[in-house]
Amino acid sequence: MEILRLLPLVLLFVIVQPWYVQASGMHEMGGFWKRAEAERSETSVQERAARGVLTRLLPNHTSSFELRIVSKEDCSGKYCFHIRNHPSSGLQAAGAAPEISILGTTGVELCAGLHWYIKYWCGAHVSWDKTGGAQLFTIPPPGSLPQLQDGGITIHRVVEWNYYQNVVTSSYSYVWWKWDQWEKEIDWMALQGINLPLAFTGQEAIWQRVFQSKTFNLTKSDLDDYFGGPAFLAWARMGNLHRWGGPLPQAWLDQQLQLQIRILSRMRDLGMTPVLPAFSGNVPAAISKIYPNAKITRLGEWNTVDGDPRWCCTYLLDPTDPLFVEIGKAFILQQIEEYGGTQHIYNCDTFNENQPPTDDPVYIAALGAVVFEAMNAGDQDAIWLMQGWLFASDDSYWQPPQMQALLHSVPVGKMIVLDLFADVKPVWQRSNHFYGIPYIWCMLHNFGGNLEMYGRLDVVGAGPIEALTSPNSTMVGVGMCMEGIEQNPVVYDLMSEMAFRNGSVDVENWVEAYSARRYGKSVADARTAWKILHRSIYNCSDGIADHNGDTIVDFPDNSPILQLSVLNGESSQSRLRLTSNSIHSKLSTKQQLLGHPPHLWYSPRDAARALQFLLASGDSLGDNQPYRYDVVDLTRQVLSKLANQLLSQILADFQVQNVAKVEMTSDCFLELLSDLDTLLSSNEGFLLGPWLEDAKALSTTEADKKLYEWNARTQITMWFDNTPDKPSPLHDYANKMWSGLMRDYYQPRASLYIGFLKQALYQNSSFPFDAWREQWIALTNNWQDATDLYPVHPEGDALKIAQTLYAKYVGLIKQNTLSKEFTLLY
């Protein structure tokens, strides 16, 4: 296929009027929704699946609720749920008949209605197990459920779609999951009203069938070089790397495919529309042997150290090559065969962090047209769901002509764009609602699966409404696109409601009610703590993408002097001058200027005050698990910021050669890390053990067990490649504040660095940066290769430990044991 053949179609969509695109796009989406409704599971299947969610959540209340599907006509032509008193309520013995009727247009709406009822009539709270789990004790026993006012309530979806996941969530969070964990997650999705989830599990088995078919005739060895290891599949899929962490055992491929079949079955039973992958152009190197004339380009390196060809520089098939459509069609058809059909929405991100070779709009439009043609060849009802990350991350390239060319390169109504970073950098505002293309307002929120407390609650509570009600809006959904889950439950609790909110949320009042639901009672000190948290930690307004850069878990790959300038927030020019005069650092100038202080968007004193009030609630909240999770999380947050100050002070004292103060503050810094490990070990949400044990549990041989554990250890420390003297640029990207990792990796690393600092002071010499780097890398490699066992259950009393640490570090400051600069907690 040549670009010239596509020019008439391309030019039509490039010059089409925005008003026509907008009107036609929304009309065509309406046609798709009708097809989606017709292809949903039968009403009885959805009702049974929703009842399964109820049974697993509230096994004692299975007879207390009637769950019944109704038509959209019963909801004024929209998706909705009704919550009403059941006609037989109170007429029979307790628990013998339904008390509450929940009517909804799909199984998801039934579950969302159930959640809405227990949330706002029973004061209950549903969260991930690792963030405290569900608080359900406030739900009265069967026969005593709260009644609604006459007529009940009806809640409509204000937008059709509630999207969920990021393309990398599959690696940061789901990689080691079995069905029991997935079942809980799908239940959680349904209760949150999510009806458009990404479903990326097991796609390597599909690719294996495609590429090893007679058409393409690749071998298992060819694919061993193509697929990444289990913990790095997301980046192999995106064409960032190949083979790293592999090869994938056949048992993995078979196991994951069977898991995907169960996942899709449950999602469909609930009335969800799973989003499947499509071909983006990333191909095995060996394909060029079968098709020597194919237009294949070897891409540049992606975060490697020396561009090692064993896993660097993947291969991209040019969309203008006829082979592109052939492979794309085969992949879609293979999924249809394996899964018994699809729901017609496919994710594809050909240009994600990968610029086209020219900024010519006609060329860009032609490329986009072929990407869609590859989907459409396999499924004539295909819809292209594209992450809009490229428009936010590379806005210097994606100017209006380039954006319009790509967005209008497919038939009108055949594309949905995820405004992936709308909570911080909304693209809809600068593109007039994506130039008429339907889009989903998304909250990205979390990078790397880190455990930093962070959020923009006020934006979440108002941003989607602003976009929806703006003139010419083509918004069709809201979405949660975090890179990793199981953190900051308050943010996801609010965001999931926005598909059902027709007005901005009074966030201050909502947060106050949230604390009562989460803990099962309203406690004055806890309410005060959350009021402070809302205005500080959960009100980031600096426009910076948050990634946990606390020095404990993201240790600086800098010389002490350069790092001090970074921590002090000096300008790039000052840092450059410092670099040119320093002999300590072996980093390139570009790398040095990339250094930045840990993100701090709030007053640490506010966080410490919130912790003081939260701890004061201990007598009232006792053994409440969500409360104990929050206590550990906030104590961890406060102490990690204190650690940043401690390291800054150590480096300042090193610079002026104050040996005594370096000794004293270093001891405090290392003791703080030890104390943090003790704190983290007291709550299941902060343990390393489950991550490693889940990885090993998927193995079928000793060799696979070792491979999976190495993958799990490597992803959260230093990946992907390094040499004996050069660390990976991605070191600590997926850092985790987990007990065990703190004790056996973060603390020894910090101790090693401080040891070199002291050595330089005692010998009156320069900091031995090269020696530090080599030993840090060796420490990392040894930890990644180790097989030590770590607890999978918490140890110690979380509340008592947090109270002790708060008193200890506040006491140190008040007693002037630390220098006067440490006013963080005072």
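**Entry 1: around phenylalanine 81.** I looked up phenylalanine 81 and found that its bridge partner in E4 is isoleucine 155. I am working from a predicted model here. Strand E2 (residues 80–85) and strand E4 (residues 153–156) pair in the antiparallel sense, over four bridges. I then checked E2 against strand E3 (residues 100–104), and that pairing is also antiparallel, with five bridges. In E3, glycine 104 is what stands opposite phenylalanine 81.

**Entry 2: the open sheet.** Next I traced an open sheet of eight strands with parallel pairing, and I noted the order as E6-E5-E15-E14-E13-E12-E11-E7. Strand E6 (196–197) and strand E7 (276–277) each have a single partner strand, so one side of each is left without a neighbour in the sheet. I also looked at helix H17 (residues 457–469), which packs on this sheet and touches strand E14 (439–443) and strand E15 (475–480). The direction of H17 makes about 170° with that of E14.

**Entry 3: strand E5.** I followed strand E5 (residues 161–164) to E6 and found two bridges, running parallel. Tyrosine 163 has leucine 196 as its bridge partner in E6, and tyrosine 164 stands opposite proline 197. Towards E15, I found E5 paired in the parallel sense over four bridges, with tryptophan 161 opposite glycine 477. Are the two faces of E5 buried or exposed? Both are covered: I found Trp161 and Tyr163 buried on one side, and Asn162 and Tyr164 buried on the other.

**Entry 4: the cysteines.** I found two disulfides in the structure. One joins cysteine 75 to cysteine 80, with 1.8 Å from S to S. I noted -50° about its S-S bond, a left-handed link. Cysteine 75 is buried at a relative accessible area of 1%, and cysteine 80 is buried at 0%. The other disulfide joins cysteine 312 to cysteine 313, S to S 2.1 Å, and I found both of these cysteines buried. Counting bonded cysteines along the chain, I wrote down the pattern 1-2, 3-4.

Cysteine 348 is in no disulfide, and the nearest cysteine sulfur, that of cysteine 481, is 16 Å away. I found cysteine 348 buried, with a relative accessible area of 1%.

Key:
Residues are numbered from 1 along each chain as its sequence is written. This is a predicted model: local features need pLDDT of at least 70, side-chain atom pairs count only at pLDDT 80 or more; totals for chains, interfaces and linings use all residues. Side-chain values use heavy atoms; hydrogens and water are left out. Two strands pair if DSSP finds at least two bridges between them. Contact means heavy atoms within 4.5 Å. Axes are lines fitted to C-alpha atoms, for helices over the stretch in contact, and angles run from 0 to 180 degrees between N-to-C directions. Buried means under 20% relative accessible area, exposed over 50%, partly exposed in between (1.4 Å probe, protein chains only). A disulfide is a pair of cysteine sulfur atoms within 2.5 Å.
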